[in-house]
Amino acid sequence: KVIPGNFLGDSANYEAGAGCFEDEGKLYAAVCGNKNILKREKGLPVLEVLPQVGGILRAPYVPRIGDIVFGKVVQLLQSSVKVKIIATENEVLRENQVFEGFIRKENVRDYEVDSVEIAKCFLPGDSVKAKVISVGNTRSLFLSTLEPDLGVVFARNKFTGELMLPINWHQFQCPKTKLKESR
């Protein structure tokens, strides 16, 4: 068991995961819980702390209809977009808890659904906020961005890679080039 501030290891040997932070090449616990090491095929193993609530380890996240999740667009499909879900409103998911979600064309917006073009609403790398509307198979969810506070929350300029700023409900602007992109 560890408490916040406990030394866990060196960043030369581990990558900081959930529940950890790095300071001057050293990894420390950010929460109370149990130290855990996730081995990966490539790269350094991930050092994390599995949080405890009231002395009991929290169970892994199980998505429910209505949950708000955050993810990164990984692939555009003809009538949907594939999203890697990396967080909920309350927690960042551990690497082995990440889910896959799909936002179907009819769940992007609630008007002119027939004219939705996925490539004009999302680009790979965009960060999105969405609501779980259906739980598919074991690790796949169906998501919606129909509500006003849902949709793309962070986007990068497709030419410069600069983080863009939202200027209205469907456009982002690059602060460097002043070019606007629809989302």
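## E181 and its surroundings

The side chain of E181 makes a polar contact with the side chain of R183 at 2.8 Å, where a polar contact is a pair of N or O atoms within 3.5 Å, of which, within protein, one must be able to donate a hydrogen and the other to accept it, and residues adjacent in sequence count only if both atoms are side-chain atoms. A polar atom of the E181 side chain also lies 3.1 Å from the backbone nitrogen of K158. This is a predicted model, in which local features need pLDDT of at least 70 and side-chain atom pairs count only at pLDDT 80 or more, whereas totals for chains, interfaces and linings use all residues. Residues are numbered from 1 along each chain as its sequence is written, and side-chain values use heavy atoms, with hydrogens and water left out.

E181 belongs to strand 16 (residues 180-182); strands (E, at least two residues) and helices (H or I, at least four) are DSSP runs numbered from the N terminus. With a relative accessibility of 7%, E181 counts as buried, a term that means under 20% relative accessible area, against over 50% for exposed and in between for partly exposed (1.4 Å probe, protein chains only). Contact being defined as heavy atoms within 4.5 Å, E181 touches L123, R156, N157, K158, M164, H170, Q171 and F172 when neighbours within four places in sequence are set aside.

## Nonpolar cores

A nonpolar core is a set of buried Ala, Val, Leu, Ile, Met, Phe, Trp, Tyr and Cys residues joined through side-chain atoms within 4.5 Å. The largest one has 24 residues, and those touching the most other members are V81, V83, I85, I103, V108, F122 and L143. At least two residues of this core come from each of strand 8 (68-76), strand 9 (80-88), strand 10 (99-104), helix 1 (118-121), strand 11 (127-135) and strand 12 (140-144). Apart from this core lies another, of seven residues, including C20, L27, L47 and V49.

Three strands form an open antiparallel sheet in the order 1-4-3, pairing being assigned if DSSP finds at least two bridges between two strands. Strand 1 (7-10) and strand 3 (20-23) stand at the edges with a single partner strand each, so one side of each is left without a neighbour in the sheet. Strand 1 pairs with strand 4 (residues 26-29) over three bridges, and F7 has Y28 as its bridge partner in strand 4.

## The loop at G161

G161 is placed in the loop between strand 13 (151-154) and strand 14 (165-168), and is partly exposed, with a relative accessible area of 34%. G161 and C174, 13 residues apart in sequence, are 9.2 Å apart in space from C-alpha to C-alpha.
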